[in-house]
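Dear colleague,

Here is the structure I promised to pass on. My notes on what turned up in it follow below.

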Amino acid sequence: MLRLKTFIYSAILLVLFVACAKDQVPAQSVPPANENSVKTYDSVIPWLTKSDQSVLFAPQKLIYFTDPKSNSVIDAIKVDSTKHYQEIDGFGFCLTDGSADLINKMSPDKKATLLSELFGTKDPGIGISYIRVSIGASDLSDSVYTYDDVPTGKTDKNLQHFTIAKAKINLIPVLRDILKINPDLKILGSPWSAPSWMKDNEKSKGGSLIPDDYTTYAQYFVRYIQDMKAAGIRIDAITPQNEPLNPDNNPSMYMNGEQQASFIRDALGPAFAAAGLDTKIIIYDHNADHPDYPLTILKDPEAAKFVDGSAFHLYAGGITALSAVHEAYPDKKIYFTEQYTPGSGSFEGDLSWHVKNLIIGATKNWSRNVLEWNLASDPQLGPHTPGGCTTCLGAVTIEGNSVLRNPSYYIIAHASKFVRPGSYRIQSSEIANISSVAFVTPEGKKVLITLNTSNQPRIFDISFKGKVAHAAIDPGAVATFVW
């Protein structure tokens with residue numbers, strides 16, 4: 001009898017999946033032929049990316065909410081838009097110097113088309129709404145520099161040689177073009193290193209900030225924010241140091257939690273206050289394996305009063321560490337500011353890992369944003385500094401005017417196009433083999449992002465306000481449902 005029941009249940013699931021998956025996936029509960037027999041309600045627009053790349057971020061046939069059947073055996077993701085969690089600031093990438101250089105070298109019409117696609121919301125735009133830029137060079141610049149370089153053995157305590165001239169070559173022109181498309185774009189600035197003359201090893205790689213230069217370095221940030229504003233670029237937030245526990249990049253600088261707390265408490269925070277800056281200070285900006293780092297700063301009340309929140313990467317540790325920091329200091333915000341996709345990676349593997357851990361995982365652990373790493377690279381995965389990343393794949397590969405879209409483009413697109421700034425994460429239930437997260441937008445639209453984490457096709461219901469919509473997705477596929 002048990003085997004018979006198991007067979008019957010499996011047969012029901014197979015029939016339901018075939019019915020749902022006919023023509024396209026996800027699919028495709030269409031309005032019934034006899035509208036008097038089953039009443040339909042709101043329609044749902046599914047957007048799909050398959051792991052085999054046969055479908056790439058494309059809208060599918062509408063599905064419809066209907067009255068649920070009392071004998072349904074289908075698992076349901078229950079969405080409750082009355083239960084709000086954190087507000088969302090946006091989704092996007094890091095606009096490195098290399099990215100800006102490649103974009104700026106495109107012909108004017110091709111550049112305009114690409115930027116409209118990346119930062120606009122009208123189809124085919126994916127609506128990037130948050131970006132990160134380096135303060136001075138990152139390791140994906142073509143050379144190492146800061147905004148106040150002087151000859152070896154010299155110093156510039158009064159910042160007389162401070163200049164953002166190098167940012168004006170490619171970065172600022174591209175940012176201005178982007179802001180014409182999206183004036184509300186949020187921009188986060190992060191330094192890879194202080195000027196070498198402020199460091200105890202006097203080199204671009206490694207070393208630590210000399211305590212006697214804390215005040216000078218704080219003024220370096222103030223000048224940066226003011227000069228960028230004068231160039232038409234508002235910096236919404238900064239982090240004091242990219243990956244402060246990684247002194248092995250070029251450029252890089254080591255700064256432990258106690259040092260960052262002291263720098264913020266004694267120099268950076270007071271300098272921002274004196275200059276009347278509203279630019280946020282976001283701490284840490286490194287891996288989730290050391291939640292003790294931001295906690296060290298936040299437990300210092302004099303430093304914490306200047307801190308907006310904590311930023312994370314996920315090259316080590318687990319994404320739930322973000323929740324641990326949120327729970328310890330719920331009044332401080334959480335951000336996710338970098339994760340790369342390697343040139344040697346697979347589309348299937350990167351799509352699944354990043355959507356599960358970042359788009360879904362980071363936001364379900366209180367992050368207000370998700371940023372992938374490099375926006376654009378060339379076919380050789382450049383430009384980069386000597387000693388910089390040689391395996392970092394851009395969201396797009398640019399060769400002249402030719403553009404190839406890579407995994408992180410689709411990873412971000414599934415959120416950025418629909419979960420606009422000002423949206424809120426809302427309550428959604430868990431079901432087996434489907435990872436998901438839900439949002440409500442400022443316009444009241446509901447957005448459900450799903451990933452089939454199994455190796456089998458998966459059917460499920462979306463349950464909302466007592467109605468259900470039938471959906472189905474293939475193994476490894478990502479689907480965003482909007483209603």
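Thr-341 is in contact with Asp-350, His-354, Glu-372, Thr-391, Cys-392, Leu-393 and Ser-408, leaving aside residues up to four places away in sequence. Please keep in mind that this is a predicted model. Thr-341 belongs to strand β12 (residues 341-342), and its relative accessible area of 2% makes it buried.

One of those contacts, Ser-408, is also among the buried residues of helix α11. Besides Ser-408, the buried residues of α11 include Pro-407, Tyr-409, Tyr-410, His-414 and Ser-416.

Salt bridges

The whole structure contains 21 salt bridges. In one of them, Lys-157 pairs with Asp-213, with 2.4 Å between the closest N and O atoms. Lys-157 sits in the loop between β6 and α4, and Asp-213 in the loop between β7 (186-191) and α5 (214-230), so this pair ties together parts that are 56 residues apart in sequence. Lys-157 is partly exposed at 44% relative accessibility, whereas Asp-213 is buried at 2%.

Asp-236 and Lys-280 form another salt bridge, at 2.8 Å from N to O. This one joins distant parts of the chain, 44 residues apart: Asp-236 is in the loop between α5 and β8 (237-238), and Lys-280 is in strand β9 (residues 280-287). Both Asp-236 and Lys-280 are buried. They also belong to a network of salt bridges that takes in Arg-234 and Asp-278.

Arg-265 and Asp-266 make a salt bridge as well, their closest N and O atoms being 2.9 Å apart. Arg-265 is partly exposed, at 28% relative accessible area, and Asp-266 is partly exposed at 46%.

A charge without a partner

Asp-148, in the loop between β6 and α4 (171-181), is buried but has no salt bridge. The nearest side chain of opposite charge is that of Arg-223, 6.6 Å away, and the cut-off for a salt bridge is 4 Å. Beyond four places in sequence, Asp-148 touches Asp-156, Leu-159, His-161, Phe-162, Pro-195, Trp-197 and Tyr-220.

Regards

Definitions and conventions
Residues are numbered from 1 along each chain as its sequence is written. This is a predicted model: local features need pLDDT of at least 70, side-chain atom pairs count only at pLDDT 80 or more; totals for chains, interfaces and linings use all residues. Side-chain values use heavy atoms; hydrogens and water are left out. Buried means under 20% relative accessible area, exposed over 50%, partly exposed in between (1.4 Å probe, protein chains only). Helices (H or I, at least four residues) and strands (E, at least two) are DSSP runs, numbered from the N terminus. Lys and Arg count as positive and Asp and Glu as negative; His and the chain ends are not counted. Contact means heavy atoms within 4.5 Å.
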